[in-house]
Amino acid sequence: MNHLCDLNDITTLSDISTDDASILKSFRTDYNSHKSNDKDNSDRPLWIIPPDHVTEWRPLDDVTLHRFLRADVQNGICQPEKSLDRILRAMEFRHKNRADALLRAMTTQTKKRKVSLVSGNWSQCGSMVKIMQSNQDSSDIAMLLPGLDKYQRLRIRVFTGRSHTGEPVLFERLGEFLGSGNHAHFSEEEWIRFYIWDLERHFIEMREAAQLSGNPITQYVFLGDGHGIVTAILNRRIWGVIPLLKALAKSVEEFYPEIAARIILFRVPKVATMFYRAVRAFLDPVTASKISLCSGVPIEEFLKIMPLDAIPAEYGGTCQVPYPPSAKK
């Protein structure tokens, strides 16, 4: 939420059409009508809200409001009533799950560690890559999310750099996770809390990418390695993880719409088609439309999107960011 606030040199929504601007203005009015009368509800959108903000409602910037509007476009037409319902439920969700307290702790951790980051060829990678791979959770984060270090070992999701247009690039060992049985290590409620942390760091990455590029970065690129899916199908663990993926899509991803620019699933065998159909059925249609499948490692396609130093070495790139195999416990 509001990840581009207070970045004064960055122009946002400069290419929005007159009609869309009018819809956005009306949408903002409708959203603001739900503001409570509590004294902590100022009119200024903030990237990080203070600890004494105790209500669900908060001011939102145009980028965030427009993102929710885009998420519910059908046949090229906005559905503002549907988007308003989604965004109000998102505010309730964030308040219930203390998402802003978690983000506040994450950004505090980032500031403390920036001064101690080693120099090297990290210009495309961003500070959060190095920080979040260190597995040295601050006391605030550890208190909010006990077991986070274990989650990071069980589900490998690593920001490796930036695309040619500045978006953060994230690689995940998706097939390993599907076949590992790691979904059984936590309850559904715990997985939801960890996934909130995971998605909140996307906004930190996008904010830093915007600062570095001077452009309004509002999305990231996702690349999921399907290696291990055959094993997952053979040991039938892949079917055990579907309820979790469905819960994460319905309970969490709905409230983080329109942040994926592209989704590439690679090293996906033909035998996985049935599983993909089962998952696609409960994905947001806008998100599902962005997914492309590749049977091998499409290095040429990768290079159209990102430089070599954003691609892990095992796929033919030169990225030095740690990208370990998934842990089993």
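**Reading the chain from the whole to its parts**

Mentor: Let us start with the chain as a whole. Of its 329 residues, 50% are buried. Please bear in mind that this is a predicted model.

Trainee: How many helices and strands are there in the chain?

Mentor: The chain holds 14 helices and five strands. Among contacts with a separation of 6 or more, 78% join residues 24 or more positions apart.

Trainee: How many residues has the largest nonpolar core, and which of them have the most contacts inside it?

Mentor: A nonpolar core is a set of buried residues such as Ala, Val and Leu, joined through side-chain atoms. Here the largest one has 78 residues, and Leu-178, Val-252 and Tyr-256 have the most contacts inside it. Helix α9, residues 188-213, gives the most to this core, contributing 12 residues. Apart from this core lies another, of 18 residues, which includes Ile-305, Met-306, Ile-311 and Cys-319.

Trainee: Which residues does Val-252 touch?

Mentor: Leaving aside residues up to four places away in sequence, Val-252 touches Phe-93, Ile-192, Tyr-195, Ile-196, Leu-199 and Ala-247.

Trainee: Let us turn to Phe-194. Where is Phe-194 placed, and is Phe-194 buried or exposed?

Mentor: Phe-194 is in helix α9. A residue counts as buried when its relative accessible area is under 20%. The value for Phe-194 is 1%, so this residue is buried. Its contacts, not counting residues up to four places away in sequence, are with Leu-145, Pro-146, Gly-147, Leu-148, Tyr-151 and Phe-186. Phe-194 and Tyr-151 are 43 residues apart in sequence, and their C-alpha atoms are 7.2 Å apart in space.

Trainee: How does one describe a pair of helices? At what angle do the axes of α2 and α3 cross?

Mentor: One compares the directions of their axes. The axes of helix α2 (residues 62-71) and helix α3 (residues 80-96) come within 8 Å and cross at roughly 125 degrees. The two helices are therefore oblique to each other. The crossing of α2 past α3 is right-handed. On the α2 side, Leu-65, Phe-68, Leu-69 and Ala-71 make the contact, and on the α3 side Pro-80, Ser-83, Arg-86, Ile-87 and Ala-90. Seven of these contact residues are nonpolar, one is polar and one is charged.

Trainee: Where are Asn-2 and Arg-98 found?

Mentor: Asn-2 is in the segment before α1 (18-32), and Arg-98 is in the loop between α3 and α4 (99-114). With a relative accessible area of 0%, Asn-2 is buried.

Notes
Residues are numbered from 1 along each chain as its sequence is written. This is a predicted model: local features need pLDDT of at least 70, side-chain atom pairs count only at pLDDT 80 or more; totals for chains, interfaces and linings use all residues. Side-chain values use heavy atoms; hydrogens and water are left out. A nonpolar core is a set of buried Ala, Val, Leu, Ile, Met, Phe, Trp, Tyr and Cys residues joined through side-chain atoms within 4.5 Å. Buried means under 20% relative accessible area, exposed over 50%, partly exposed in between (1.4 Å probe, protein chains only). Helices (H or I, at least four residues) and strands (E, at least two) are DSSP runs, numbered from the N terminus. Contact means heavy atoms within 4.5 Å. Axes are lines fitted to C-alpha atoms, for helices over the stretch in contact, and angles run from 0 to 180 degrees between N-to-C directions. Angles under 35 degrees count as roughly parallel, over 145 as roughly antiparallel, 65 to 115 as roughly perpendicular and the rest as oblique. A crossing is left-handed if the near helix is turned anticlockwise from the far one by less than a right angle, and right-handed if clockwise. Ala, Val, Leu, Ile, Met, Phe, Trp, Tyr, Cys and Pro count as nonpolar, Asp, Glu, Lys and Arg as charged, and the others, Gly among them, as polar.
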